Amino acid sequence: MAYPQHRLRRLRQSPAWRRLVRESVLRARDLVYPLFVVPGEKRREPVPSMPGVHRLSRELLVEEAAAAVDACVGAVLLFGVPDRKDALGSEACADDGLVPRAVRELKAHHPDLPVWTDVCLCQYTDHGHCAVLTPDGALDEEATLPLLARAAVAHARAGADAVAPSDMLDGRVGVIRAALDEAGHGSTPIVSYAAKYASAFYGPFRDAAHSAPSHGDRRTHQMDPANSDEALREVRADLEEGADVVMVKPAGPCLDVIRRVKDTFRAPTAAYQVSGEFSMLRAAGERGWIDEKAVALESLGAIRRAGADIIVTYYAVEAARWLREDG
């Protein structure tokens, strides 16, 4: 016999019962907070297209991480935004580079806060692409993969709790896994951006990270938003190469993909509520068009309901506080 709907309605009359029979639950520890680190001292640079989000120098990054610790979020995800860039993205691979220094600082002050690091070249190259380019402007995967591996090892050596390759180049998970293992960091997990779409929702992030391509786009190596079978192939390949967690990006427009990935592989699954999703909700909230808190929590709840175990979101600290306020 199917469960009679009127009985569920009866249970919903009580807030306590409503919580007890809820099918999915959003918790602070499910959330990961992205942070942007810049060189220098006492630098707090607002990102115009992401109100409330800043690029921070290391000592201010530590303060912002303290808010994440207080809110009990699950982890932070670091993105480096260097002042100097070159064609090879050299800063990305340096042992004393921007992100490794930031990781050491964070772990010194907040040793129990899990720190993830983004592994990609787009913030570090003067052309804004995720890879080294050939003389004719194409992506040179053969030249790029060793650089990504070097960056991942530098982050792990600095104390990163996970590395997150976001470039979507073929074979990068396997190369990074082998490099980590060889360098004695076999226990460092890889959180792979396994199903990352060539989405129009990334605009504010590129503003924050100064990573917009100087020419062309990323459709050759990121996925067509029209495809979902392709996502399963990409996820399968990354899992076979050694990914420990797979990520779908963007989250809101890809709820169906999140569900298919989770149902198919039963692997730890993350989803990234990206900058465009955040900025739209924030802008509408600031104008009084929506109840921002209610809509943000509903949006995050939908991502959780779709099957995401982990949600990367710029709302992480605020959402964690809202959840605490609501009991």
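## Reading pockets, core and strands

Author: Welcome! The lining of the second largest pocket divides into nine nonpolar, two polar and five charged residues. In this scheme Ala, Val, Leu, Ile, Met, Phe, Trp, Tyr, Cys and Pro count as nonpolar, Asp, Glu, Lys and Arg as charged, and the others, Gly among them, as polar. The model is predicted, so local features need pLDDT of at least 70 and side-chain atom pairs count only at pLDDT 80 or more, while totals for chains, interfaces and linings use all residues. Residues are numbered from 1 along each chain as its sequence is written, and side-chain values use heavy atoms, with hydrogens and water left out.

Reader: How should I read a pocket, and what volume does the second largest pocket have?

Author: Rolling a probe the size of a water molecule over the atoms shows where empty space is left. On a 1 Å grid over the protein atoms alone, a pocket is an open set of points with protein on both sides within 12 Å along at least five of seven lines; a cavity is a set where a 1.4 Å probe fits but cannot get out, and lining residues have an atom within 4 Å of a point. Points are joined across faces, edges and corners, and a volume is the space filled by probe spheres set on them. Here, the second largest pocket has a volume of about 220 Å³. Its lining has 16 residues, and Tyr33, Gly52, Val53, Glu64 and Tyr314 are the closest to its centre. Two or more lining residues come from each of strand S1 (31-37), strand S3 (54-56), helix H10 (275-286) and helix H12 (316-325). These labels follow DSSP runs numbered from the N terminus: helices are H or I with at least four residues, strands are E with at least two. S1 gives the largest share, four residues.

Reader: And what is the volume of the largest pocket?

Author: That volume is about 800 Å³. Of its 22 lining residues, Arg22, Ser24, Val25, Leu26 and Leu323 are the closest to the centre. Helix H2 (15-20) and helix H11 (292-306) are the elements that give two or more residues to this lining; the largest share, five residues, is from H11. By class, the lining has nine nonpolar, three polar and 10 charged residues.

Reader: Let's go inside. Which residues touch the most other members of the largest nonpolar core?

Author: A nonpolar core is a set of buried Ala, Val, Leu, Ile, Met, Phe, Trp, Tyr and Cys residues joined through side-chain atoms within 4.5 Å. Buried means under 20% relative accessible area, exposed over 50%, and partly exposed in between, with a 1.4 Å probe and protein chains only. The core has 108 residues, and Leu77, Leu78, Trp116 and Tyr272 touch the most other members. Helix H5 (residues 141-158) supplies its largest share, nine residues.

Reader: Is Leu61 buried or exposed?

Author: Leu61, in helix H3 (residues 58-71), is buried, with a relative accessible area of 1%. Contact means heavy atoms within 4.5 Å. Not counting residues up to four places away in sequence, Leu61 touches Leu35, Phe36, Val37, Leu56, Leu78, Ala102 and Leu106. Leu61 and Leu78 are 17 residues apart in sequence, and their C-alpha atoms are 9.8 Å apart in space. With neighbours within four places left aside, the contacts of Leu78 include Leu35, Leu61, Val115 and Trp116.

Reader: How do I read the two faces of a strand, and which residues lie on each side of S5?

Author: In a regular strand the side chains alternate between the two faces of the sheet. In strand S5 (residues 115-119), five of its five residues are buried. Val115, Thr117 and Val119 lie on one side, and Trp116 and Asp118 on the other. Strand S10 (residues 310-313) is covered on both faces too: Ile310 and Val312 are buried on one side, Ile311 and Thr313 on the other.

Reader: How many bridges join S9 to S10?

Author: Two strands pair if DSSP finds at least two bridges between them. Strand S9 (residues 269-273) is joined to S10 by four bridges, and the two run parallel. S1 and S10 are also parallel, over two bridges. Ile311 is the bridge partner in S10 of Ala271 and of Leu31. Strand S4 (residues 75-80) pairs with S5 in the parallel sense over three bridges, and Val76 stands opposite Val115.
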